[in-house]
Amino acid sequence: VESNFISRSLINKMTGPLTEQDYEIAKAILDRSLIGLLGDHHLFESVRRFDIFFGFQHTNDTCRASYIQRGANRGHGDGNETSTASTTTTTQLPPRDSFAFQELARKNWMDLRLYRYAQDLFVEQAQMFEGRKFVGATSGRTAQA
């Protein structure tokens, strides 16, 4: 089992012990770069934010929902992807009160702490995107709704 892989990747410190200073550096990186979170509760809002931030063309809510729910680029690349097969793999976590869960939490303390921070940051950043919608792919601008 990896030890704080996300945090280590973020701060480019793949070996050695992690410190409180490392955590503060990781938070500062998220403060400058977090736009969205992946996961069932945040995915639709994250895609909306990506569209606004990067100026992506948004034309069809049904198409967007389908891509989010089923994924994109399925089939043979001919633009007629109709597969509904899921590529999502679910992993069963051990019960929270088990030794295995506690050991995973201990080995990944910084990732868990940083994810909670990212969730809070995601909520705080909502005001940046509130009332904004996509205007055009070439302009990269957004406008008030």
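I looked up what covers the buried residues of α2, and the cover includes α1 (5-11) and α6 (109-124). I took helices as DSSP runs of H or I of at least four residues, numbered from the N terminus. The model is predicted, so I kept to its limits: local features need pLDDT of at least 70, side-chain atom pairs count only at pLDDT 80 or more, and totals for chains, interfaces and linings use all residues. Residues are numbered from 1 along each chain as its sequence is written, and side-chain values use heavy atoms, with hydrogens and water left out.

**Helix α2**

Which residues of α2 are buried? I listed Asp22, Tyr23, Ala26, Lys27, Ile29 and Leu30, where buried means under 20% relative accessible area, exposed over 50% and partly exposed in between (1.4 Å probe, protein chains only). Seen down the axis, the buried residues of α2 fall within an arc of 160°, so they line one face of the helix; the arc is that of the directions from the helix axis to the C-beta atoms. On the other side of α2, I found Gln21 and Arg32 exposed.

At the N-terminal end of α2 I found Thr19 as a cap, with a side-chain oxygen 3.3 Å from the backbone nitrogen of Gln21.

Leaving out residues up to four places away in sequence, I have Leu34 touching Ala118, Leu121, Phe122 and Gln125 (contact: heavy atoms within 4.5 Å).

**Aromatic pairs**

I found two aromatic pairs; rings of Phe, Tyr and Trp (its six-membered ring) pair if their centres lie within 6.5 Å, and planes under 30 degrees apart count as stacked, over 60 as edge-to-face and the rest as tilted. The rings of Phe50 and Phe54 have centres 6.4 Å apart and planes at 35°, so this pair is tilted. Both residues lie in α3 (residues 43-54), four residues apart, about one turn of the helix. Phe53 and Phe54 form an edge-to-face pair, 5.0 Å centre to centre with 85° between the planes.

Methods. Helices (H or I, at least four residues) and strands (E, at least two) are DSSP runs, numbered from the N terminus. A polar contact is a pair of N or O atoms within 3.5 Å; within protein, one must be able to donate a hydrogen and the other to accept it, and residues adjacent in sequence count only if both atoms are side-chain atoms.
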